[in-house]
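Subject: Structure for you to look through

Dear colleague,

The sequence and the structure come first, and my notes on what was found follow below them.

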Amino acid sequence: MGRYANWLMGIAVMAAVSGAFWAGQSAGEEKVIGDVVKSERVYELRTYYCLPGRLEALHKRFADHTLKLFEKHGMKNEMYWTPTDPKLKDHVLIYVVSHDSAEAAKKSWDAFRTDPDWLKARDASEKDGKIVEKVESVYMTATAFSPKK
């Protein structure tokens, strides 16, 4: 039984690695339209986990500064949510931004992170302490059957 469990675990790991590789390869996939090569729009799902009691400060920072700065750096604000789950609703922000391509996403984030306006807004919002404990990010492309492209 131990050998069989190890075999199954190996198959699961190989499938996960292959899936991650394939997702990474297709994240900024290019489409040829006529003679023009166009990179596929990339959506980014981000989840922020706040320190206790700091979600309100994060909401204020996004409303007053972050959304405008994202747009300044070429990111499109798609949608923002707070979970309804009682265990998450008081400390989690989930949102989606989109980018013209995977390369554009990297360029936008690099510019955003060094923007003096962002650094000033971040520092001012954290005068009472750090806000975000952890950030998760997943890049995605729309499926062929997705209503929104």
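Predicted model: local features only at pLDDT ≥ 70, side-chain atom pairs only at ≥ 80, totals over all residues.

Helices (DSSP runs of H or I, at least four residues) and strands (DSSP runs of E, at least two) are numbered from the N terminus. Residues are numbered from 1 along each chain as its sequence is written, and side-chain values use heavy atoms, with hydrogens and water left out.

The overall plan

The protein has four helices and six strands, and read along the sequence they follow the pattern α-β-β-β-α-β-β-α-α-β. Of its 149 residues, 30% are buried, where buried means under 20% relative accessible area, exposed means over 50%, and partly exposed lies in between, all with a 1.4 Å probe and protein chains only.

Which order do the strands of the open sheet take? Four strands form this sheet in the order β4-β5-β3-β6, and their pairing is antiparallel; two strands count as paired if DSSP finds at least two bridges between them. The edge strands are β4 (76-81) and β6 (132-140), each of which pairs on one side only. On average, neighbouring strands in this sheet are turned by 20 degrees against each other, direction ignored; axes here are lines fitted to C-alpha atoms, for helices over the stretch in contact, and angles run from 0 to 180 degrees between N-to-C directions.

Going through the pairs one at a time, β4 and β5 are antiparallel over five bridges, and asparagine 77 has valine 97 in β5 as its bridge partner. Strands β3 and β5 pair in the antiparallel sense over eight bridges; threonine 47 stands opposite isoleucine 94 in β5, and the bridge partner of valine 42 in β5 is histidine 99. Strand β3 (residues 42-50) also pairs with β6 in the antiparallel sense, over eight bridges, with glutamate 44 bridged to tyrosine 139 in β6 and leucine 45 bridged to valine 138 in β6. Both β3 and β5 are mostly covered: eight of the nine residues of β3 are buried, as are seven of the eight residues of β5.

The core

Helix α2 (residues 55-72) lies across β3, β4, β5 (92-99) and β6, and it runs at about 5 degrees to β5. A nonpolar core is a set of buried Ala, Val, Leu, Ile, Met, Phe, Trp, Tyr and Cys residues joined through side-chain atoms within 4.5 Å, and the largest one has 17 residues, of which Tyr48, Leu58, Phe70 and Tyr95 have the most contacts inside it. The elements that give two or more residues to this core are β3, α2, β5 and α3, and its largest share, six residues, comes from α2. Not counting residues up to four places away in sequence, tyrosine 48 touches, among others, Leu58, Phe62, Tyr95, Trp109 and Val132.

Two helices and two residues

Helix α3 (residues 102-114) and helix α4 (residues 116-125) pack at an angle of about 60 degrees, with their axes 5 Å apart. That makes α3 oblique to α4, since angles under 35 degrees count as roughly parallel, over 145 as roughly antiparallel, 65 to 115 as roughly perpendicular and the rest as oblique. Where they meet, Phe112, Arg113 and Thr114 in α3 touch Pro116, Trp118 and Leu119 in α4.

Serine 108 has its place in helix α3, and at 6% relative accessibility serine 108 counts as buried. Its contacts, not counting residues up to four places away in sequence, are with His73, Gly74, Met75 and His99. Is alanine 124, for its part, buried or partly exposed? With a relative accessible area of 46%, alanine 124 is partly exposed. Alanine 124 and arginine 61 are 63 residues apart in sequence, and 9.2 Å apart in space, C-alpha to C-alpha.

With best wishes

Technical notes. Contact = heavy atoms within 4.5 Å.
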